[in-house]
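Open the model in your viewer and keep the sequence panel beside it. We will go from stop to stop, selecting as we go.

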Amino acid sequence: MIVSLMLGSCGKSLDITPDGKISLDEVFNDRIRTEAYLNTVYGFIPEYYARYYERAFLAGITDEAQDAETGNYTTMAGNWINGALSPSNDPTAHTGHDPNANTYVSCWSGIRHANIFLERIEQVTFLTPEIKNRYKGEATLLRAFYYWELIRKFGGMPVFDKPLPNDFDYMSLKRPDFQTTIDFIVQNCDAVIGNPNMPLRITNETEATRFTKAVAYAVKSQALLFNASPLWNPQNDAAKWQAAATAAREALTALTAGGQFGLVNDYESYFHSTTDYSNTPRDKETIYERRSYFGWDIWSIPSRGGNWKLGACPSQELVDAYDMQASGEPAILGYADEDHLQPLVNAASGYDADNPYAGRDPRFYATVYFNGAEFDNINGSIHIVETFVGGRDQLIKSPPNRVNTRTGYYLRKFMNAKLQVGPDQNTSWKKYRLAELYLNLAEAENEANGPAGAYEAINAVRRRVDMPDLPAGLSREQMRERIRRERRVEFAWEEHRFWDVRRWKILDQTDRLVTGMEIQRQGDGSFRYTRFVTERRSAWQDKYRIFPIPITDASIIPDFGASQNPGW
């Protein structure tokens with residue numbers, strides 16, 4: 001696949017406009033067509049969100065949730081949970097709802113077009129130097145972005161900084177190590193950061209989808225954090241952690257200077273809207289968003305009506321991850337058994353097993369609908385969610401269906417419950433946001449220099465939702481655990497968990513099963529809570545940390561076959 005994608009770069013014609021095939025010379029001798037080609041480079045960004053096959057979230061194949069379709073082996077979730085990933089089958093790559101879901105194909109295509117643009121833009125004379133320089137910056141960053149999305153999934157890949165000649169010997173291709181590709185990504189991001197014609201943020205709605213310096217800082221920070229993590233840093237080289245810490249700190253300094261970026265005040269409503277673009281925006285947290293309508297009718301509580309498919313249900317493991325607000329302490333420290341049915345309750349937290357949803361981190365109430373939660377505006381009134389057996393929104397364990405929860409919980413995040421009917425057209429996918437840079441800094445600083453320097457960053461994220469600061473005197477190991485918890489709840493459902501457990505090399509601890517909560521209402525109106533295993537999974541072994549190189553390339557490029565990722 002890389003062969004056909006990269007060797008197509010020097011062809012004499014291509015489809016770029018509705019009037020048919022035109023030459024590259026014609027494209028880059030016309031301003032409108034040149035700008036259209038840059039839009040083509042943008043055209044390979046995945047849609048994320050609920051755009052995986054059968055309108056699934058990536059969360060549904062993590063320990064955050066169980067997807068309603070896991071019993072259907074033809075869907076993304078069902079395919080994945082049953083261990084169907086292979087060099088010839090990537091369950092996450094089905095393009096039925098997202099044309100760019102196959103990231104191996106889409107990212108190589110994006111890289112090829114970025115290289116074409118960067119080579120050809122040099123000959124353009126009709127643009128001002130400032131505009132030309134900005135366009136070069138955007139294409140350079142897009143190339144870095146596509147490389148990062150590609151290697152995060154598949155590991156180190158050959159670096160191309162220009163179009164390949166038609167006589168290129170693809171059989172000679174060699175896979176570099178992860179560090180080599182990371183270095184190229186960082187080099188590209190640094191060039192964009194140093195580009196005087198690249199804006200830090202977008203202030204005009206007409207440019208809403210364009211990349212900025214802030215995106216370069218975000219890509220660089222994420223890439224260096226992964227590069228320092230156990231999966232790609234088995235020797236625990238402190239210099240890699242230091243590089244990640246420095247990148248995150250420099251990003252925060254640049255973005256927050258003069259109040260250009262900042263954490264929004266309302267965590268829940270933040271996910272109900274798209275970013276506003278002006279010199280004084282309401283939303284200062286979003287660095288880059290992907291606007292993508294996902295179909296509101298696919299996930300809702302049954303009593304709301306109109307939904308034909310639930311989507312994914314939050315797991316008990318996710319619920320257990322939320323701290324208690326008053327004490328700031330974890331409610332559940334872990335489990336005494338492999339099936340997660342015997343929680344280790346933190347006696348110092350204030351958690352009450354007979355009233356398990358009281359007093360939790362405010363992000364819990366913004367993310368999860370639980371038994372007793374309020375759902376606004378159902379038929380013009382407040383509705384109390386009833387997930388207990390026999391309730392209006394009850395858990396149905398057997399036989400399961402597409403509409404009722406399988407775990408005892410429903411998703412609230414992204415859903416504006418105040419809407420009477422129809423989709424929330426203002427919701428968008430926050431691909432990069434400021435909170436990530438804070439938690440990237442906390443993690444890297446803790447690993448590089450110890451917990452002292454991590455407090456300020458992690459506490460900034462906690463204070464935003466009125467959570468207490470972490471207690472002083474934590475060890476590096478204790479801080480590591482708290483940072484991982486913080487990432488889990490702050491970024492619930494935002495695809496971080498899927499990649500975090502891989503780079504931390506804890507997949508075998510997190511992805512064997514998920515549990516739920518069965519609730520029985522007693523005669524006196526109280527409730528009895530019983531944990532149960534809702535799903536066991538077959539995609540938790542070490543080989544699932546890194547995706548296999550597709551058979552299309554592994555079978556024809558000698559070094560790709562010889563260096564196929566571990567376990568495949």
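Which residue just after helix 14 takes a positive phi? Select Asp466: its phi is about 60 degrees. Hold that view while the ground rules are set.

This is a predicted model, in which local features need pLDDT of at least 70, side-chain atom pairs count only at pLDDT 80 or more, and totals for chains, interfaces and linings use all residues. Residues are numbered from 1 along each chain as its sequence is written, and side-chain values use heavy atoms, with hydrogens and water left out. Helices (H or I, at least four residues) and strands (E, at least two) are DSSP runs, numbered from the N terminus.

**Stop 1: helix 14**

Select residues 455-464, which form helix 14. Here 8 of the 10 residues are buried, so helix 14 is largely enclosed by the rest of the structure. Buried means under 20% relative accessible area, exposed over 50%, and partly exposed in between (1.4 Å probe, protein chains only). The buried residues are Tyr455, Ala457, Ile458, Asn459, Ala460, Val461, Arg462 and Arg464. Now show the surroundings: these buried residues pack against helix 10 (267-270), helix 12 (362-367), strand 12, helix 13 (434-449) and helix 15. Contact means heavy atoms within 4.5 Å.

**Stop 2: backbone exceptions**

Most residues other than glycine have a negative phi, and most peptide bonds are trans. Go to Phe414, in the loop between strand 11 and strand 12 (429-433). Phe414 is not a glycine, yet its phi is positive, about 80 degrees. Is Phe414 buried or exposed? Phe414 is buried, with a relative accessible area of 2%.

Next, pick Glu495, in the loop between helix 15 (476-490) and helix 16 (496-503). Glu495 has a positive phi too, near 80 degrees. Glu495 is buried, at a relative accessible area of 8%.

Then select Ser398 and Pro399. The peptide bond from Ser398 to Pro399 is cis, with omega near -10 degrees. Pro399 sits in the loop between strand 10 (381-384) and strand 11 (410-411).

**Stop 3: a helix pair**

Select helix 7 (residues 178-193) and helix 8 (residues 213-228). Their axes lie 9 Å apart, at an angle of about 160 degrees. Axes are lines fitted to C-alpha atoms, for helices over the stretch in contact, and angles run from 0 to 180 degrees between N-to-C directions. Helix 7 and helix 8 are therefore roughly antiparallel; angles under 35 degrees count as roughly parallel, over 145 as roughly antiparallel, 65 to 115 as roughly perpendicular and the rest as oblique.

Show side chains at the contact. Helix 7 contributes residues including Ile182, Ile185, Val186 and Cys189; helix 8 contributes, among them, Ala216, Tyr217, Val219 and Leu224.

**Stop 4: a hairpin**

Select strand 13 (residues 513-521) and strand 14 (residues 527-536), an antiparallel pair with 9 bridges. Two strands pair if DSSP finds at least two bridges between them. Thr515 stands opposite Val533 in strand 14. The two strands form a hairpin with 5 residues between them. Click on Gly525 in the turn: its phi is positive, about 90 degrees.

**Stop 5: Thr92**

Finish at Thr92, in the loop between helix 4 (76-81) and helix 5 (103-120). Thr92 is buried, with a relative accessible area of 5%. What does Thr92 touch, not counting residues up to four places away in sequence? Thr92 touches Tyr52, Leu58, Ile61, Met76, Trp80, Ala101, Lys153 and Phe547.
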